[in-house]
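Look at the structure below before you read on.

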Number of protein chains: 2
Amino acid sequence: MFKINDYTKSREAFLRAEKVIPSGIYGHQGPAEGCFVPVEAFPFFSDRAKGSYFWDIDGNRFIDYMCAYGPNVLGYNDPDVDAAAAAQRAKGDCITAPNTKMIDFAELLVDTVKSADWAFFAKNGNDVTTMAVMTARAYTKRKKIIFFKGYYHGVSPWTQKIDYAGVIEEDVVNNIYLDWNDIDAVEEAFRKYKGQIAAVIAQPYMHNNFMDNSLPIKDFWAKVRKICTDNDTVLIIDDVRAGFRLDIAGSDHYFGFEADLICFCKALANGYNVSALCGKYFLKNTVSSLSYTGSYWLSAVPFAAGIACIEKMKRINCTQLLFEKGNALKNGLIETASKYGYDLHVSGVPSLFYLRIADDPTLMLHQEWIAECVKRGIYFTNHHNHFINASLSDANIAETIAVADEAFSVIKNRHS
Amino acid sequence: MFKINDYTKSREAFLRAEKVIPSGIYGHQGPAEGCFVPVEAFPFFSDRAKGSYFWDIDGNRFIDYMCAYGPNVLGYNDPDVDAAAAAQRAKGDCITAPNTKMIDFAELLVDTVKSADWAFFAKNGNDVTTMAVMTARAYTKRKKIIFFKGYYHGVSPWTQKIDYAGVIEEDVVNNIYLDWNDIDAVEEAFRKYKGQIAAVIAQPYMHNNFMDNSLPIKDFWAKVRKICTDNDTVLIIDDVRAGFRLDIAGSDHYFGFEADLICFCKALANGYNVSALCGKYFLKNTVSSLSYTGSYWLSAVPFAAGIACIEKMKRINCTQLLFEKGNALKNGLIETASKYGYDLHVSGVPSLFYLRIADDPTLMLHQEWIAECVKRGIYFTNHHNHFINASLSDANIAETIAVADEAFSVIKNRHS
């Protein structure tokens, strides 16, 4: 029997937070999000983190499968990345003139990412998805953008939904929403809006929330790539979430095509704050023509961290490692579920697995199972893909499966 | 006679940068910007920084009056801020659950900033100006936004100009552009667009580029405040650049009014990467209703740094210190200019002074003087306001005035 966590201090802290912060905690990491059900199962505030673990302020330890929603790819406080960052910090970070670490980092990305002839650095994934769309519009002198339903490309008004708070019609009037993997719909949109489509923007596969994640069907990307090329439309891959967890050379490379622009953020520097837009040579001058910058965008510490992170990911063959760990976990969870007669669907790639107990279409049973795991120190989330990091050990995976087993047993007993 | 800097290594590095980064260096910190004229006078890459100095990769030392375009407010690598950040980093930074330092920082801002009933944290100034506009639109259910010509509110499409690359008509169609300090124009716009104006967004005073900076005329803010209140329009103050350099309680407080929303970024954490939207209680639930977050927004290190920065700014009475240093510099520069018969205009507040030699409307003479200063190790910029930091010493100011004197002498000789 595993210990059931107590969250008294997290709850007390949240009452303080609510007074001075809208929502108390915002985004996925706050209880207002649909990922946190039932909310009682989840801790709210962390105290510290190391490797594959974080500890909350009540002293509970979690094996963490969210990895700060992606940035933690090598393990929290990775010694190699932290040493490189500390050495740079001692010299300086955010300075009037940039550090040559910016050049080193751009050269490394150009060497590493297949579709990168150059790199431009910013802070949020949203900064570079927005820049990609602006680049496409500037290059093509067109307005319309194709999205695939289920997309997430950040929080700028152009990428939000018309029924979201603060969004106006003008923000989204040029957006065309198509079904994922529907190549006929893509062809039809290009016929209907001939000469008007600036860009197709897409994640490398559909890793959306509240739905089994969906890989591209055969030839989907080859066909989309050809349509974009034939129509002088810019193909933007949003690799903010999946980047470096499928392929160190970019997720487009994993699926056998090349993007014109590719957006990176989360796994770029193991939690140090940087994002990157990379792309093809023919768009480099267009990028230069944009008015686009930010207060901290040339800071040196995240560049030093990013270099150390990418070099280490290459050295340890990180994506293969993440797939192996993800597969071991996936197989163990599915087998354990089947012991109790449950059909656990695991979708997406193993390094970014998405979980769903398929026996209950209302997802309530799934939420109950996730809650029993979280209360026992396995940090899963209900309706969002998970993230594997390289420091996750075989012992961590074994413990996860043991907790999952007990959690399945609890829900089986409850409902039988 | 002061040594004239050699920039050989900076130039060699820039050739490398151009190959892999659009523009080589982008934004203000790159030579493509109008601030860098003549470009030969400026270094491109820094090696390290400490206090009021940075050193470029050729070993030249600069007394830095740009402060990384604002973030450096206490001095580079301030020991108190760096110690707080390092202590937090040892425990963790970007973690699946946030740290309670987020609450502490929000409470500190609410205690410190007069118009803040709450705080929301992001990364760029642009994140919070965009969020402010979305909040105003969500709250009022209106679309139009009043700007004052000469504004800069970031790089999102809604705040760029229609003739900028990548911007489409829909991005800016709801923008109304008025002249700064023209209260009649504000009244007229509110009559013309009655019931349609979601927000007025403005810097606390006009600290624009390529122009003498301009403080609000008497009663301007009181009148704008009243018009906004009477029309249920949200008054947004963009304090990204000026914040904490006029008044620790917010630049609206300095000018005797209260904003509904106030945006902070640059001086918030002495170079650690964080921005904040603060505002009035009546908008808190609207902010909660937005879909708005980012990968690194809950990272703990910048919160720890921000707390240490604000506490130190209060402890040393930072704004008064910056005004005293700025005034000493301003008076010394004006007096030195007059020795050579030049009329040096110094505009804006002393902590954010803007320089212009008024004797030549083409600004060529001004650019020549700035170039002679920079080549001798005083980092000024041509057509952008400057920034004072608290570590600037009397000896730094004396050296600056001595270099300025020699630079005036050089241009006087050249043109007589």
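This is a predicted model: local features need pLDDT of at least 70, side-chain atom pairs count only at pLDDT 80 or more; totals for chains, interfaces and linings use all residues.

Residues are numbered from 1 along each chain as its sequence is written, while chains are lettered from A and ligands numbered from 1 in the order in which they are written.

Start inside. The largest nonpolar core has 296 residues. Such a core is a set of buried Ala, Val, Leu, Ile, Met, Phe, Trp, Tyr and Cys residues joined through C-beta atoms within 7 Å. Buried means that 20 or more other C-beta atoms, placed from the backbone, lie within 10 Å of a residue's own. Ile236(A) is among the residues with the most contacts inside this core. Beyond its neighbours within four places in sequence, Ile236(A) is in contact (C-beta atoms, placed from the backbone, within 7 Å) with residues including Ala132(A), Val200(A) and Leu261(A).

Now find two helices, which are DSSP runs of H or I with at least four residues, numbered from the N terminus. The axes of α11(A), residues 318–339, and α13(A), residues 394–414, come within 10 Å and cross at roughly 25°. Axes here are lines fitted to C-alpha atoms over the stretch in contact, and angles run from 0 to 180 degrees between N-to-C directions. The two helices are therefore roughly parallel, a term for angles under 35 degrees. Among the residues that meet are Leu329(A) in α11(A) and Phe408(A) in α13(A).

Finally, turn to the chains. In chain A, 90 residues are in contact with 90 residues of chain B. Helix α4(A) gives the largest share of chain A's side, eight residues.

Definitions and conventions
A residue is buried if 20 or more other C-beta atoms lie within 10 Å of its own, exposed if 12 or fewer, and partly exposed in between; C-beta atoms are placed from the backbone. Two residues are in contact if their C-beta atoms, placed from the backbone, lie within 7 Å. Angles under 35 degrees count as roughly parallel, over 145 as roughly antiparallel, 65 to 115 as roughly perpendicular and the rest as oblique.
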